[in-house]
Amino acid sequence: MSEASSNVVVDQAQSSWSDLWKKEDYLAIWLGFFLLVIGGLIYFNNTPEGMDETFAECNAIMAAEAERAPFKTVAYLTAQDKKEGVQGKKTSIGKTIKSWTSKPGTWSSNPLDSFYMSAERAKEMNAKYAPKYEAAKLAAKEARTEAQIAEAAAAAVGFKSAELNQVAQDKIEKWRAAKGSMKSAKKKVKHKAFNRFPTLIGLMVVIGLLFSVGMRCMGESAGKFFKGFCFVFTLGVIAYFMSYQSTMKHYGIGYAAWAIFLGMLISNTIGTPKWVKPALQVEFYIKAGLVLLGAEVLFNKIIAIGVPGIFVAWIVTPVVLISTYIFGQKVLKIPSKTLNMVVSADMSVCGTSAAIATAAACRAKKEELTLSIGLSLVFTSIMMIVMPAIIKATGMPYILGGAWMGGTIDATGAVAAAGAFLSEKALYVAATIKMIQNVLIGVTAFGVAVYWCTKVECEAGGKSIGWIEIWHRFPKFVLGFLSASIVFSIMYTSLGTDAGFSLIDQGVIRGFSKIFRGWFFCLSFAAIGLATNFRELKGYFRGGKPLILYFCGQSLNLILTLTMAYIMFYLVFPEITAKI
């Protein structure tokens, strides 16, 4: 690999993050859509057995129950659960794909459990957790009976008693929580024998070949890339392995933090081997992953939560972004405007995805992006644990709490995990708000490109920069992100909500593209760590200004998001909130 084309990873601090945009962005789009097409062909030609019949039966029950009662009854929710159980990823081919793309599994004290489990060990683990599952199963059954009794009491008076209706809803909510606990306990008695060593090797070869083709198209040596890729992939596997240790998983120390930490540990001790450097294609990995992320941003889900979610995500976010940037320049006087902008976008929009797009748009240095991502990971790990605890302790409505977390916690996975700590409704609202916010990745990148070309660099160079340069600066992979979102939103709508959920959301996306997206992100974080030198980062920490910027910006974000969520969900549009 030539010295010029390894710019974003191994060059000195003077190199920028967008030197390879001409080919890299388009190849990332090609790779992303190639995988999306493959996923579509697989799941659209292997629909779940009896899908249409199940949908018709469940929809009839739900319609009748919606007509009968002013709230979601036990029968309604049971039918809803049955319908949602029809998923493309649960078909035989979906299960096969999962087995060949699985990450290292959860483990507690025996590391081998993450990669290999014999039939005897699986039986032992199932027996160990069986009592807890049986207890959870009994509790869910009792809670369901109580909910049915309360619902019957409300029905006896024609659902005209507000007090009885509320009691029934509370009992149903309690049953749903108990059922959720039962489902979690059930997973621990479903252990089966597995051996992930051959599947991980196979996955490494497949992903490595896909990116090798891209490297060849960029005029680089596919052989040299693949040789180094094996090292980067192995580091990614170790990062996943560490993140799935039960204690690490409990405290939210995810694969991204481990990948960066382990990479930096190697690069700053023994040093990153020269033969690995051709595979440190940070942008190529992350951009392909972001194109796949676009397919997960479905407009029908955005519309489902309505105007309140749009206000929380699309009004607060730009206000926080601009305010944080101005604060960094005028108050903290951060010398690097690019660092200031990347940290501001990372914190206010949606974490690492927005940071990557913004860094490309303003040509931030790799050290600045690494620092921004590091701050994001630390605050995300803290917030995903602390925020649900605060919401529970203060008695905050879970819908409000979900909206608050969705608009402030950076990583999509962390948002979902935090929402799951509270309730199904909190998870739904939090994940949807974050999805709405993700749309701003492209808008932010374009806005930053325009601002940088017309204001920042115009002031520095003394002459105006035209639209050609703005187009040159704009990260083209964002077009892939937006295109994937539009295409899959149209497909989802054309299939209908039920089939769209089964074949796209729980098929192409969660059963295929999201799996590869996770691996691509992990590879990118490992490459970032392997390319980062502590000495290059030290200067950016001088005076602790980036940390102060992130803390102050996130504090403003927390206040404004909570205020906007309360106003929109409970004062302006309470009828939408009532239907969630």
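How far apart should the ends of helix H6 (residues 119-156) be, at 1.5 Å a residue, and how far apart are its end C-alpha atoms? The 38 residues of H6 should span 56 Å, and the end C-alpha atoms are 52 Å apart, which agrees. The expected span of a helix is taken as 1.5 Å times one less than its number of residues. Helices (H or I, at least four residues) and strands (E, at least two) are DSSP runs, numbered from the N terminus.

The model is predicted: local features need pLDDT of at least 70 and side-chain atom pairs count only at pLDDT 80 or more, whereas totals for chains, interfaces and linings use all residues. Residues are numbered from 1 along each chain as its sequence is written, and side-chain values use heavy atoms, with hydrogens and water left out.

Helix H6 has a kink of about 45° at Ala130, shortly before the proline Pro131. The bend at a residue is the angle between two fitted axes, one for the seven residues ending there and one for the seven starting there. Among the buried residues of H6 are Ala122, Met125, Asn126, Tyr129 and Tyr133, and also Glu151 and Ala154. Here, buried means under 20% relative accessible area, exposed means over 50%, and partly exposed lies in between, with a 1.4 Å probe and protein chains only. The cover over the buried residues of H6 includes helix H3 (51-68), helix H4 (74-84), strand S1 (116-117) and helix H7 (162-187). Contact requires heavy atoms within 4.5 Å.

Helix H4 has buried residues of its own: Val74, Tyr76, Leu77, Ala79, Gln80, Asp81 and Lys83. Their cover includes H3, H6, H7 and H25.

After H6 comes Gly158, whose phi is positive, near 70°. Phe159 has a phi near 55°, a positive value in a residue other than glycine, and is placed in the loop between H6 and H7. Is Phe159 buried or exposed? With a relative accessible area of 11%, Phe159 is buried. Lys333 likewise has a phi near 55°, positive in a residue other than glycine; the place of Lys333 is in the loop between helix H15 (316-330) and helix H16 (337-350). Lys333 counts as exposed, at 56% relative accessibility.

A helix crossing comes next. The axes of helix H9 (residues 222-243) and helix H25 (residues 497-530) come within 9 Å and cross at roughly 105°. The two helices are therefore roughly perpendicular to each other. Axes are lines fitted to C-alpha atoms, for helices over the stretch in contact, and angles run from 0 to 180 degrees between N-to-C directions. Angles under 35 degrees count as roughly parallel, over 145 as roughly antiparallel, 65 to 115 as roughly perpendicular, and the rest as oblique. On the H9 side, the residues that meet H25 include Phe229, Phe231, Val232 and Phe233; on the H25 side, those that meet H9 include Trp519, Cys522, Leu523 and Leu530. The residues of this contact divide into 14 nonpolar, two polar and no charged. In this division, Ala, Val, Leu, Ile, Met, Phe, Trp, Tyr, Cys and Pro count as nonpolar, Asp, Glu, Lys and Arg as charged, and the others, Gly among them, as polar.

Ser243 also belongs to H9 and counts as buried at 7% relative accessibility. Leaving aside neighbours within four places in sequence, Ser243 is in contact with Met248, Lys249, Ile253, Gly254, Tyr255 and Trp258. The C-alpha atoms of Ser243 and Trp258, 15 residues apart along the chain, are separated by 6.9 Å.

Helix H21 (residues 424-438) contains Asn438. H21 has 15 residues and reaches 21 Å from its first C-alpha to its last, close to the 21 Å expected at 1.5 Å a residue. Asn438 counts as buried, at 4% relative accessibility. With neighbours within four places in sequence left aside, Asn438 is in contact with Leu293, Val297, Cys350, Thr412 and Phe481. Leu293 is found in helix H12 (residues 282-294) and is buried, with a relative accessible area of 3%. Under the same exclusion of neighbours within four places, the contacts of Leu293 are Ser353, Asn438, Ile441, Phe481 and Arg517.
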